[in-house]
Amino acid sequence: MTGASEPQKQQPALEAGPKLPPTSWAVLGLLSFGEELSGYDLKKWSDWSLRFFYWSPSFSQIYSELKRLEQIGYANSRMVAQEVGNRDKRVYRITDEGLTAVRVWAREAPMDPPVLKHGPMLRLWLGHLLEPEQIREVLGRHRDFAEQMRHRAEADAAGAADEPGWAYPGLALKWAERYYASERDLAEAMLADIDEASGGSKRR
């Protein structure tokens with residue numbers, strides 16, 4: 001007499017779906033806010049939010065991912081007339097299946113720690129090959145860049161405050177504002193350290 005067969009283990013929801021690259025999840029995530037968006041709209045939205053803490057996909061990446069998402073049933077599209085111009089445009093909307101998939105991914109997907117690739121710090125590390133004024137110039141440019149990014153993140157966070165559905169992206173933008181403020185302050189501190197190390201010589 002044979003024993004009862006063991007019940008098959010249910011495959012985790014994340015493993016059951018298609019294997020997608022991070023760019024797919026980013027584009028699907030942009031669609032998860034419920035708006036019907038064109039590829040151009042998605043690029044604007046990613047530049048407005050994702051670029052501050054992850055990366056902003058190119059137009060070609062966005063359209064490639066939209067095609068992929070349509071093929072697997074995570075998004076659908078339709079052509080709509082534009083208010084200005086004669087050409088219709090294609091707009092995309094997330095499907096119920098796509099919304100379920102991105103929710104499962106956000107909850108269950110393993111999350112790797114951030115990898116820091118800091119160009120200005122690589123130059124500072126190689127400071128023995130540079131003149132002190134060159135190092136100051138590198139750090140000064142980075143300080144100014146960080147302040148520009150901080151200012152843009154601050155402005156975009158203020159814009160998100162007007163949309164209740166963007167509460168969490170708004171928090172991410174506040175994080176970006178604080179991050180770039182710290183980068184600005186670290187560059188300023190490094191400039192002071194270099195001045196001290198070189199005997200208090202004057203900055204450019």
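User: Which residue forms a salt bridge with Glu-147?

Analyst: Side chains of opposite charge can pair when their charged atoms come close. In this predicted model, Glu-147 pairs with Arg-150 in a salt bridge, and the closest N and O atoms are 3.0 Å apart. Both residues lie in helix H7, 3 residues apart, which is about one turn of the helix.

User: Which residues are linked with Glu-147 and Arg-150 in a network of salt bridges?

Analyst: The network also includes Glu-154, Glu-177, Arg-184 and Asp-185.

User: How many salt bridges does the structure hold?

Analyst: The structure holds 13 salt bridges. One of them joins the side chains of Arg-136 and Asp-195, at 3.1 Å from N to O. Arg-136 is in helix H7 and Asp-195 in helix H8, 59 residues apart, and the pair links distant parts of the chain. Both Arg-136 and Asp-195 are buried.

User: How buried is Arg-136, and what else does its side chain contact?

Analyst: Arg-136 counts as buried because its relative accessibility is 5%. Its side chain makes a polar contact of 2.4 Å with the side chain of Glu-133. The contact between the side chains of Arg-136 and Asp-195, at 3.1 Å, is also a polar contact.

User: Which residue forms a salt bridge with Glu-188?

Analyst: The partner of Glu-188 is Arg-143, with the closest N and O atoms 3.1 Å apart. Glu-188 lies in helix H8 and Arg-143 in helix H7, so this pair ties together parts that are 45 residues apart in sequence. Glu-188 has 32% relative accessibility and therefore counts as partly exposed. Arg-143, at 24%, therefore also counts as partly exposed.

User: Turning to packing, which residues have the most contacts inside the largest nonpolar core?

Analyst: In soluble globular proteins, nonpolar side chains tend to be buried together. Here the largest nonpolar core has 30 residues, and Leu-31 and Leu-42 have the most contacts inside it. At least two residues of this core come from each of helix H2 (22-31), helix H3 (39-48), helix H4 (59-71), strand S3 (89-94), helix H5 (96-108), helix H7 (132-160) and helix H8 (167-197). H2 gives the most to this core, with 6 residues.

User: What does Leu-42 touch, leaving out residues up to four places away in sequence?

Analyst: Leu-42 touches Val-27, Leu-30, Leu-31, Leu-37, Ile-62 and Leu-66 on that count. Leu-42 is also one of the buried residues of H3, together with Gly-39, Asp-41, Lys-43, Trp-45 and Ser-46. The buried residues of H3 are covered by elements including H2, strand S1 (37-38), H4 and S3.

User: Where is Leu-69 placed, and what does Leu-69 contact beyond its neighbours within four places in sequence?

Analyst: Leu-69 is in helix H4. Its relative accessibility is 0%, so Leu-69 counts as buried. Beyond those neighbours, Leu-69 is in contact with Leu-20, Ser-24, Val-27, Leu-28, Tyr-74 and Ala-75.

User: Which residues form a nonpolar patch on the surface?

Analyst: Tyr-40, Phe-59 and Tyr-63 form such a patch, with about 320 Å² of accessible area together. Phe-59 lies in helix H4. At 37% relative accessibility, Phe-59 counts as partly exposed.

User: Finally, what do the totals for the protein chain look like?

Analyst: The protein chain has 8 helices and 3 strands. From the N terminus on, their order is α-α-β-α-α-β-β-α-α-α-α. Of its 204 residues, 32% are buried. The chain exposes about 14000 Å², and carbon and sulfur atoms supply 54% of that area. Among contacts with a separation of 6 or more, 62% are between residues 24 or more positions apart.

Notes
Residues are numbered from 1 along each chain as its sequence is written. This is a predicted model: local features need pLDDT of at least 70, side-chain atom pairs count only at pLDDT 80 or more; totals for chains, interfaces and linings use all residues. Side-chain values use heavy atoms; hydrogens and water are left out. A nonpolar core is a set of buried Ala, Val, Leu, Ile, Met, Phe, Trp, Tyr and Cys residues joined through side-chain atoms within 4.5 Å. Buried means under 20% relative accessible area, exposed over 50%, partly exposed in between (1.4 Å probe, protein chains only). Helices (H or I, at least four residues) and strands (E, at least two) are DSSP runs, numbered from the N terminus. Contact means heavy atoms within 4.5 Å. A salt bridge is a side-chain nitrogen of Lys or Arg within 4 Å of a carboxyl oxygen of Asp or Glu. Accessible areas come from the Shrake-Rupley method with a 1.4 Å probe; for residues, only the protein chains shown count as cover. A polar contact is a pair of N or O atoms within 3.5 Å; within protein, one must be able to donate a hydrogen and the other to accept it, and residues adjacent in sequence count only if both atoms are side-chain atoms. Patches are made of residues with over 30% relative accessible area and no salt bridge: like charges are joined within 9 Å, nonpolar side chains (Val, Leu, Ile, Met, Phe, Trp, Tyr) within 5 Å.
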